[in-house]
Amino acid sequence: GSAGGSCPSRCVCASNLLSCSQANLSAVPAPLPRFTAVLDLSHNNVTRLRADWAAARLPHLHSLLLSHNGLAFVSTEAFTHVPRLRHLDLSSNRLRTLDENLFSDLGELEVLLLYNNEITTVDRTAFENLGRLRKLYLGQNRIARFPLELLREGTRLPQLALLDLSANRLRAVPAGELQALPAWLRDRLYLHNNPLACDCLLFQLLDRGRRRHLSAVEDFQDELRCSLPGATALIKILDLAGKQPLNCSKAREAVLEAHLGDTVTLGCDSRWQAVRGRHWVTPGGERVLGDGGNGSVVLLANGSLQLRALRPEDAGTYSCWVAGPLLNETLYVELLVHNFTLHGPHDTLNTAYTTLVGCILSVVLVLIYLYLTPCRCCCCRGTEKPPAPRDDSINSSVLSTTPNHAGGTGEPCGSHMASSAGTGQNGRFKGGGTPPLPARQGPKAQRKVSDPDSVSSVFSDTPIVV
């Protein structure tokens with residue numbers, strides 16, 4: 001036939017399939033027929049895949065097999081002429097890095113095999129534009145960190161259903177972010193045979209997978225191991241429950257908490273990607289097929305159940321029945337509805353503010369008691385009466401000098417020491433104050449000494465008994 005349709009030497013052609021396996025080739029044979037749909041170059045010595053390995057465009061090529069070649073270099077322009085490629089096998093080679101935009105020309109690629117290489121570095125843009133990629137095999141490499149944010153974002157690899165990262169050098173994975181992934185993706189996320197550090201979040205992630213019968217966990221329970229600080233031997237991650245030093249506790253499968261009046265969405269996290277049908281059953285046993293309760297219960301297009309304007313009777317366990325391609329699955333979601341006056345963010349005062357207000361009020365009351373309480377100065381035992389003013393009238397001076405009588409139930413507040421006193425004529429004290437007299441024996445008490453300068457001073461030595 002013509003040059004564009006002849007079968008290369010040392011290759012076997014069968015219709016649109018070219019098998020050049022184990023042909024001791026050091027380069028891709030040229031020219032290649034344009035009708036080639038499957039090209040098998042495995043088990044050869046093709047160590048470099050340059051941009052010109054396919055001199056002409058191969059519009060029908062959908063499978064390229066290059067495993068077991070000792071391949072150490074792949075050009076970023078190596079796949080320019082094969083845009084329809086859907087299956088690429090680069091396994092069992094010597095690749096060390098996945099460079100930027102390495103596979104960006106393969107917009108229709110569905111399966112990429114890179115296991116059993118020497119890959120240590122993976123650029124997050126290496127899988128750019130792979131919108132149809134479904135399976136990515138990266139096991140048996142030396143990867144210490146993989147950009148798992150490619151899965152979290154959901155836009156880089158929207159159809160990825162299998163990711164094999166087993167037998168690498170991963171020491172940590174974002175367990176919380178992985179738990180948020182759909183169950184159908186977690187069902188094919190392989191992490192076994194990695195020297196992971198023991199962590200309770202990692203244990204809970206895998207424990208949920210075991211209870212959900214996810215194949216990536218259930219089929220590799222013995223190979224899922226981790227290392228404790230200071231320990232040399234690895235232990236099974238699923239054996240961490242209740243054991244020291246971590247003492248991990250098991251987490252419930254799906255529990256949502258909300259408050260009265262809120263709107264919540266219950267997800268049906270099935271491990272089946274191709275679902276033939278599903279429906280929800282409320283805690284009261286009612287089957288939800290569409291809108292119900294005047295729009296308070298809505299079945300969304302993605303299979304989730306939305307509850308609006310929550311009421312106390314909405315609390316309970318909801319079940320989602322899923323008809324999968326192989327088996328049926330029933331999921332349970334427990335919903336807790338809290339009263340916002342007792343729980344949740346709607347409280348007007350929390351405990352800290354209440355304590356602070358109580359302390360301030362206590363201080364104010366103490367200050368009022370100390371400084372604003374009126375003084376009680378009449379008839380208190382042990383208190384003293386202030387001295388009479390200097391301009392007392394004659395009658396007040398005479399009548400005020402009544403002797404005090406002891407022996408009663410209490411002593412009147414009649415004797416008060418002056419704060420400042422000075423001696424006057426005949427040794428008497430002046431009107432700055434009245435010094436206390438020594439106590440007298442007998443039924444009569446001390447008498448009050450009047451001011452010597454006042455008019456009534458002549459009567460100061462004569463007690464007046466009332």
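**View 1. The largest pocket of the predicted model.** About 470 Å³ of space lies in the largest pocket of this structure, which is a predicted model. The lining of the largest pocket is made up of 27 residues. Those nearest the centre of the pocket are Arg186, Gly267, Cys268, Asp269 and Ser270.

**View 2. Elements around the largest pocket.** Helix H3 (183–186) gives two or more residues to the lining of the largest pocket, as do strands E17 (255–259), E18 (264–266) and E24 (328–338). E24 gives the most, with three residues.

**View 3. Residue classes in the lining of the largest pocket.** Nonpolar residues number 14 in this lining. The rest of the lining consists of eight polar and five charged residues.

**View 4. The second largest cavity.** The structure holds five cavities of 30 Å³ or more. The second largest cavity, shown here, has a volume of about 90 Å³. Its lining is formed by Arg186, Leu189, Leu191, Leu205, Leu206, Gly209, Leu214 and Val217.

**View 5. Helix H4 and the residue classes at the second largest cavity.** Helix H4 (residues 200–211) provides the largest share of the lining of the second largest cavity, three residues. By class, this lining has six nonpolar residues, one polar residue and one charged residue.

Definitions and conventions
Residues are numbered from 1 along each chain as its sequence is written. This is a predicted model: local features need pLDDT of at least 70, side-chain atom pairs count only at pLDDT 80 or more; totals for chains, interfaces and linings use all residues. Side-chain values use heavy atoms; hydrogens and water are left out. On a 1 Å grid over the protein atoms alone, a cavity is a set of points where a 1.4 Å probe fits but cannot get out, and a pocket is an open set with protein on both sides within 12 Å along at least five of seven lines; lining residues have an atom within 4 Å of a point. Grid points are joined across faces, edges and corners, and a volume is the space filled by probe spheres set on the points. Helices (H or I, at least four residues) and strands (E, at least two) are DSSP runs, numbered from the N terminus. Ala, Val, Leu, Ile, Met, Phe, Trp, Tyr, Cys and Pro count as nonpolar, Asp, Glu, Lys and Arg as charged, and the others, Gly among them, as polar.
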